[in-house]
Each structure stands twice: as structure tokens, then as C-alpha cells.
Amino acid sequence: MSTQDTFPTVVIGAGPVGLAAAAHLAERGLDFLVLEAGDGPAAAMAAWGHVRVFSPWRYNLDAAARRLLEADGWIAPDLAQLPLGAQIVEDYLLPLTKLPALAGRVRYGARVVAISRDGLDRVRSTGREQAPFLIRLADGQELTAKAVIDATGTWPTPNVLGGSGLPAHGEPEAAAYIDTALPDVLGRDRDRFAGRHTLVVGAGHSAANTLLALAQLATEVPGTQVSWAIRTGAATRTYGGGDADALPARGALGTRVRALVDSGAITLHSGFSVRSIAVDGGQVAVTARSGATVTADRIVSATGFRPDHTIASELRLDLDPIMGSTRALAPLIDPNQHSCGTVPPHGVDELTQPEPGYYAIGAKSYGRAPTFLMATGYEQARSVVAALAGDWDAARDVQLELPETGVCSSSAALGAEDDSACCGAPEPAQVQVSRGLSTGIGGGLLTLPVLQPATEAGNGGGCCGS
Ligand SMILES: Cc1cc2nc3c(=O)[nH]c(=O)nc-3n(C[C@H](O)[C@H](O)[C@H](O)COP(=O)(O)OP(=O)(O)OC[C@H]3O[C@@H](n4cnc5c(N)ncnc54)[C@H](O)[C@@H]3O)c2cc1C
């Protein structure tokens with residue numbers, strides 16, 4: 001036994017993927033601790049708890065977590081239903097944290113601010129692999145760990161409004177007028193938007209979601225106005241193909257947004273790449289690089305998310321220069337090539353960094369790619385924990401069942417009558433990689449559905465998380 005083995009594996013983040021890792025660690029009888037910044041499980045998901053997800057329950061439950069829960073008498077929800085984010089937290093993740101296998105091993109209010117090797121900075125190589133990790137919390141406490149599973153997501157670090165990836169001129173000064181993705185327009189945040197003019201910036205599904213909520217509010221509260229700015233020349237990606245769309249759910253979502261634009265309920269500003277924001281008389285004047293200006297009371301920035309690697313900056317990371325994921329993962333998740341449903345299965349080999357024993361999994365592992373699905377993260381968690389247990393056959397036997405359609409949108413999620421789901425198409429595609437075989441990604445056999453790329457270059461990403 002090395003000195004490292006006397007320390008627990010520390011999982012950072014009690015979101016769905018961090019808790020899945022905890023369930024796998026518990027099943028394998030490994031010592032672990034989960035550190036969560038929020039005051040309850042899945043603080044990020046709870047923040048967008050009013051949003052109905054686009055994949056049904058069957059894709060949102062981790063297998064190990066489900067086994068542990070069911071052994072304790074828990075009854076799974078209707079697997080075909082699309083839950084709200086809040087239902088995933090309340091009906092699945094909260095009960096999971098209360099199981100004897102996890103209870104007492106999840107610490108809330110524990111924000112990690114830095115990770116290093118105990119006694120070694122990033123430059124020191126001698127003895128590195130044997131040294132435990134040192135984890136520093138916001139309150140100054142320090143913990144040691146055998147391995148670190150970083151499942152902190154990307155929710156706290158949204159993309160900026162500036163069309164070039166830099167903050168727009170005046171963006172920080174206008175912060176009080178800007179909501180980041182998915183305010184609860186029809187619920188707790190209603191007063192901020194009722195009777196006011198809001199500009200939504202972004203072309204992904206978070207933007208579509210907010211546009212539909214604002215348009216609903218406009219029918220209820222006179223004076224509510226909705227404008228929408230996208231970088232591209234046309235809202236093709238958001239609209240999808242309507243009735244002709246190969247993906248019916250995307251068509252239905254896009255059709256509703258398009259109808260609101262066509263009716264004048266939403267004013268679309270295409271080719272609008274935000275350059276500057278000026279606060280003037282209680283309003284914000286948003287100016288594009290083209291020189292066009294929209295003046296509104298509020299802005300909703302739905303431009304996607306980016307990873308924050310600063311907590312791991314004293315570790316040896318080799319990040320893809322575009323995605324900010326590992327280099328091995330980047331081509332598998334590139335939104336120019338993949339939608340969420342076509343990402344191939346991957347595990348510990350694709351997630352390994354030069355720093356042995358540190359793995360970023362979950363939404364954070366995808367960096368800036370918006371193609372992440374919980375089901376993918378659950379397989380990452382299973383594979384990484386198997387590797388930590390020394391079970392390399394299981395670690396490398398990566399398998400994934402993803403929803404057939406690749407775009408995370410759903411008419412059901414948005415209240416339309418057709419409840420077919422994008423991330424939850426009725427017949428899932430089987431995607432399997434077996435590394436013993438000779439072709440395909442990772443040297444294995446790969447069967448993928450034929451899908452269209454999820455994104456064109458526009459504001460934000462194109463999938464569930466944008
Ligand atoms: C609106 C929306 C809808 C989505 N719909 C779907 C869907 O239908 N299907 C699907 O499969 N996926 C969907 N996703 C994508 C993805 O599955 C979710 O974002 C999911 O919550 C990611 O899980 P995670 O555990 O990786 O990260 P998160 O859920 O973001 O969890 C990260 C956790 O880490 C904690 N944390 C962060 N920083 C620290 C720190 N420094 N120290 C300690 N704790 C920290 C956070 O508080 C949080 O609890 C959606 C995403 C969004 C935003």
C-alpha cells in the first residue's frame with residue numbers, strides 16, 4: 001500500500017456526474033469524499049430547476065446510483081417522462097445523497113479554490129506520482145486526496161456577450177442589467193421582465209427557452225417586449241427545419257420560435273455581433289459591430305459556457321487549445337462535427353491528463369463544447385472509477401446508449417402537445433466501442449446514427465447546456 005492509498009478519492013462537485021462518481025466509488029468499496037460548493041446537492045442544476053430537460057428520465061439516471069437507490073427501496077420515476085431540473089435534484093440526487101453509502105461523505109458549503117500536490121509545485125517531478133493531492137477550500141481548510149475527480153461543471157462561468165469572445169465594451173459596467181442563461185421568467189424572476197423590453201442574445205436552446213417564456217409573459221403583461229440578437233445572418237440553427245426537419249422535436253421548437261418572429265412577437269436582429277453596451281437613463285444601448293443598436297431594459301446573455309481551469313492551475317494539464325478539454329476528447333466532441341447524440345463513448349483513456357490521478361469529468365470535461373449529456377458523464381464516471389479501482393478491463397470497456405437525435409430540444413419541454421423528445425428519441429441508437437476490435441475511434445467498432453452537425457458558428461453553443 002502506498003501512502004496515497006490512505007487518503008480518499010475526492011470528488012469535487014455534487015452535480016449529477018459528481019454524484020454518479022460517488023455511487024461508483026461506493027459500489028467498489030473505495031474511500032471517497034464529495035466536496036460541493038452549494039448548500040445542497042446539484043446547486044447548478046437547482047439554479048435552472050424551472051427548466052424541463054430534453055432527455056427523459058431513462059437517460060438521466062446513472063446505473064450505479066440507480067442500483068444503490070433501488071436496493072434501498074427507491075422507485076424510479078416514469079422513465080419516459082421529461083423531468084424539470086428541480087425534479088432531478090429532489091427526486092433522484094437528494095435521495096441518493098441520503099443513502100447510507102453516501103451520507104456523511106458529501107460536504108456542502110465546501111468550495112474548492114485550488115488543487116496541488118502536497119509539498120510539490122507544478123515544476124517538481126521527483127516523487128510526484130506518490131504524493132497525495134492537496135485540496136484547498138475557500139475557508140482555508142486543506143484536505144489530502146489519493147485522486148481527484150473534478151466534476152465542477154461550467155455553469156458558474158458563462159460566455160461573455162461580446163461577439164469576439166471578449167467582454168463587450170461596457171459589459172462589466174452594465175452587469176446589473178444582464179441576466180445569464182435561463183432566468184425564471186415566468187416564476188421567481190418575473191418582476192424583472194414584466195412590462196419591460198428584454199434583448200436575448202444567443203442562438204442555442206437556452207435562448208429559445210427564454211424567448212418562448214418572454215413571449216408568453218408578453219401575452220400576460222402589457223408592455224413586455226422581446227428582442228433577439230444572433231451573430232449569424234439567419235436563425236437557421238434555432239429554427240431547425242420545421243416540418244421538414246429530420247429531427248421532429250427540433251422542428252417543433254424552432255417552428256414555435258419562428259412563428260413568434262414571423263408574427264412580430266419577437267423582433268429578430270440577425271448578423272448582430274455585440275461590440276459595446278452603454279447604460280443610459282436606466283436602459284442599455286447594445287451596439288453591434290455592424291453599427292446597429294438595440295436599446296432595451298434588460299439583456300439575457302444565453303451565449304453558452306466555458307470551463308474554468310483555475311482551481312487546477314498548479315497541476316499539469318494538457319488542454320486542447322480550442323475546446324479546453326483534453327486533447328484526446330476534443331475531436332470526439334467538436335460541435336462542428338458532433339451533436340450531443342453522436343459523441344462517441346469515451347472514458348479514462350480520453351480523460352487522462354499528464355497529472356496522474358486528476359480527472360475532469362462531466363460538463364467540465366467538454367470545455368467549450370456544448371454537446372454534453374448526463375449519460376455521457378455517467379459513463380465517464382464509471383470508467384474513471386473502474387480505473388481508480390485498478391479494473392482496467394472495465395475501465396476500457398466504454399459503452400454508451402445515447403438518444404438517437406442529437407439536438408437537445410423538445411417540444412414537450414416547451415409545453416407543446418407533441419411530447420417527443422430530442423435527447424430522448426423513442427428508439428435510442430446503440431453506440432458501442434470495443435477496444436479489442438480494429439476499426440473506429442479508439443481502435444474499436446463504432447456504430448453511430450447519421451446526424452447533422454449540431455451547430456453552425458453562431459452565438460453560444462447548440463445543445464443542452466447553451
Ligand atoms: C438548461 C440545461 C438543460 C440541460 N438539459 C439536459 C438534458 O436534457 N439532458 C442531458 O443529458 N443534459 C442536459 N444538460 C447538460 C448537462 O447534463 C447538465 O448541465 C448537468 O447538470 C451537468 O452535470 P455535471 O455534474 O457535470 O455539472 P453541474 O450540474 O454543473 O454540477 C457541478 C457541481 O459542482 C459544484 N461546484 C462548482 N464549482 C465548485 C467548486 N469550486 N468547489 C466545489 N463545488 C463546486 C456546483 O455547485 C455543482 O453542484 C442541460 C444543461 C442545462 C444548463
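Close-up 1. A nitrogen atom of the ligand lies 2.9 Å from a polar backbone atom of V112. The protein covers 94% of the 980 Å² of accessible area that the ligand has on its own. Such areas come from the Shrake-Rupley method with a 1.4 Å probe; for residues, only the protein chains shown count as cover. The model is predicted: local features need pLDDT of at least 70, side-chain atom pairs count only at pLDDT 80 or more, and totals for chains, interfaces and linings use all residues. Residues are numbered from 1 along each chain as its sequence is written, and side-chain values use heavy atoms, with hydrogens and water left out. At V17, a backbone N or O atom is 3.0 Å from an oxygen atom of the ligand. At P16, a polar backbone atom is 3.4 Å from a ligand oxygen atom.

**Close-up 2. The shell around the ligand.** The ligand is surrounded by 30 residues, each with a heavy atom within 4 Å of it. The closest are E36, F54, S55, A363 and M374. By class, the shell has 21 nonpolar, seven polar and two charged residues. Here Ala, Val, Leu, Ile, Met, Phe, Trp, Tyr, Cys and Pro count as nonpolar, Asp, Glu, Lys and Arg as charged, and the others, Gly among them, as polar. The largest share of the shell, three residues, comes from α2.

Close-up 3. T303 sits in the loop between β15 (298–301) and α10 (330–333). Helices (H or I, at least four residues) and strands (E, at least two) are DSSP runs, numbered from the N terminus. Is T303 buried or exposed? T303 counts as buried because its relative accessibility is 5%; buried means under 20%, exposed over 50%, and partly exposed in between (1.4 Å probe, protein chains only). The T303 side chain reaches the backbone oxygen of V160 at 3.2 Å.

**Close-up 4. An open sheet of three strands.** The order is β12-β13-β14, with antiparallel pairing. Two strands pair if DSSP finds at least two bridges between them. β12 (274–280) and β14 (293–296) stand at the edges with a single partner strand each, so one side of each has no neighbour in the sheet. β13 (residues 283–288) and β14 pair over four bridges. T287 stands opposite T293 in β14.

Notes: A polar contact is a pair of N or O atoms within 3.5 Å; within protein, one must be able to donate a hydrogen and the other to accept it, and residues adjacent in sequence count only if both atoms are side-chain atoms.
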